[in-house]
Amino acid sequence: MTNEVLETMHKAIRGGEDGDIWRPHESPLIRKLVELFTQRGLLHLGNVRKAIEAWELGKNQKAGKPQPKPQVGMMQVWTEDERELVDLYLRVLPFDMWTLDDHFLAVELTVQTYMPKDVLIAEADWLATKATLLGKVQANWEKELTANDAAKLLMALPNTKEESGGVPLTKVEKTTLDFASARAAENVVNLADNTRKMMRGVIMRNEERKQLGQPGTQQALQQELFDNFSQLNRDWRRIAVTEAGECQLQGFIAACEPMSKVKRVEMYGTACPFCKKIHGKIATVVPADYPNKDPATMIWPGKNNIGRSASPYKRVAGKLVKRSEDELWQLPAGLAHPHCRGRWVATTKAQPGDDPDFAALLEKILA
């Protein structure tokens, strides 16, 4: 328990979130990508909130013959027929006859309609593919890319991992893209699960208040939904900023020539102490299988701080002891932590001739 508290405290200190998570991203390469993904997520969450409020305030009820309760599974992708059956069952069932299970069924219908798993995975794949390939763009273009250039590239680059076959990618770059897509999908699906869990909890508490005859249950329900969805909106923004940044940085490092030099840039107002410490750091890009790697001066594709700690201390046998250097955060290839806005820049100009086919594709897009 002590180790968990120490880790949480140091992550909170170093997390880089000071309430300004909505400002545009500092990197022109992914700025528009982050905003588009954010807008899509807020639209999903806004629709979920409106729909569940309508159900829970009895606004969807209509006269009709009562229907048998549909036998559908939870947390799987429903078919259109299944959604229609559940919708009809709930609409014609008098609201005062709803059981707690019926309320939970309304939650599931809402999530299935506005945040279905397959749609969220497709959106995550879109974000990861675009961001990872923008990393390759940065590594293969000698000129400074503007926000306008990034907007052109955003439209022209493949929308999905499966469509990326037309882009020349090395084995390392393909692996980086595969894991970027899988990681982004995991995060958005988890957020949908958290949304489902949150709504069930809110409704359970509201039903308990009604059963106990407490006044103002409708207002309490709406306020609690507002508070919870405000946090969910921030969670989606965190995914947008963090996954776009992580994918772009890892894509850049994967596309860099071995033994090339890159510099870390952490120039933004919410940079945490760790990120400020690595600002301006020059690192050598090496292959992942490079022998005797120095984690303080070298980076490689996939290098991250998973399993490492932000806290310099840990509790062992009832005492606080210092962690070894191997246990602490190191210079990462991607982001240091959620909400991080760090990036890499090449210390020497990239040479398009290193990947002539991709350079020709960029010339065509940006012409």
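Because the model is predicted, local features are reported at pLDDT of at least 70 and side-chain atom pairs only at pLDDT 80 or more, while totals for chains, interfaces and linings use all residues. Residues are numbered from 1 along each chain as its sequence is written, and side-chain values use heavy atoms, with hydrogens and water left out.

Starting with the overall picture, the protein has 10 helices and 6 strands; these are DSSP runs numbered from the N terminus, with helices being H or I of at least four residues and strands E of at least two. Of its 367 residues, 49% count as buried, where buried means under 20% relative accessible area, exposed over 50%, and partly exposed in between (1.4 Å probe, protein chains only). The accessible surface comes to about 18,300 Å², and carbon and sulfur atoms hold 54% of that area; the areas come from the Shrake-Rupley method with a 1.4 Å probe, and for residues only the protein chains shown count as cover. Among contacts (heavy atoms within 4.5 Å) with a separation of 6 or more, 77% join residues 24 or more positions apart.

Helix α7 covers residues 171–211. Its 41 residues should span 60 Å at 1.5 Å a residue, and its end C-alpha atoms are 60 Å apart, which agrees; the expected span is 1.5 Å times one less than the number of residues. After α7 comes G213, with a positive phi near 75 degrees.

Turning to the strands, an open sheet of 4 strands runs in the order β3-β2-β1-β6 with mixed pairing. Its edges are β3 (298–299) and β6, each of which pairs on one side only. Two strands are taken to pair if DSSP finds at least two bridges between them. Strands β1 (residues 261–265) and β2 (residues 282–285) are antiparallel over 3 bridges, and V262 has A283 in β2 as its bridge partner. Strand β4 (residues 313–316) also pairs with β5 in the antiparallel sense, over 4 bridges; here K314 is bridged to V321 in β5. With 2 residues between them, β4 and β5 form a hairpin, and A317 in the turn has a positive phi of about 55 degrees.

The aromatic side chains come next. The structure holds 4 aromatic pairs, defined as rings of Phe, Tyr and Trp (its six-membered ring) with centres within 6.5 Å; planes under 30 degrees apart are stacked, over 60 edge-to-face and the rest tilted. F274 and W329 form an edge-to-face pair, 5.4 Å centre to centre with 75 degrees between the planes. This pair links distant parts of the chain, as F274 sits in helix α9 (residues 273–278) and W329, 55 residues apart from it, in the loop between β5 (319–322) and β6 (343–346). F274 is buried at 4% relative accessible area, and W329 is buried at 11%. One aromatic cluster is formed by W55, F95 and W98.

W300 has lysines over its face: K293 at 4.8 Å from the ring centre and K303 at 4.6 Å. A charge sits over a ring if NZ of Lys or CZ of Arg is within 6 Å of the ring centre and within 35 degrees of the ring normal.

Finally, R341 is found in the loop between β5 and β6. R341 is buried, with a relative accessible area of 3%. Leaving aside neighbours within four places in sequence, its contacts include D20, R23, E26, R237, E266 and Y268. Y268 is 73 residues from R341 in sequence, yet their C-alpha atoms are 7.5 Å apart in space.
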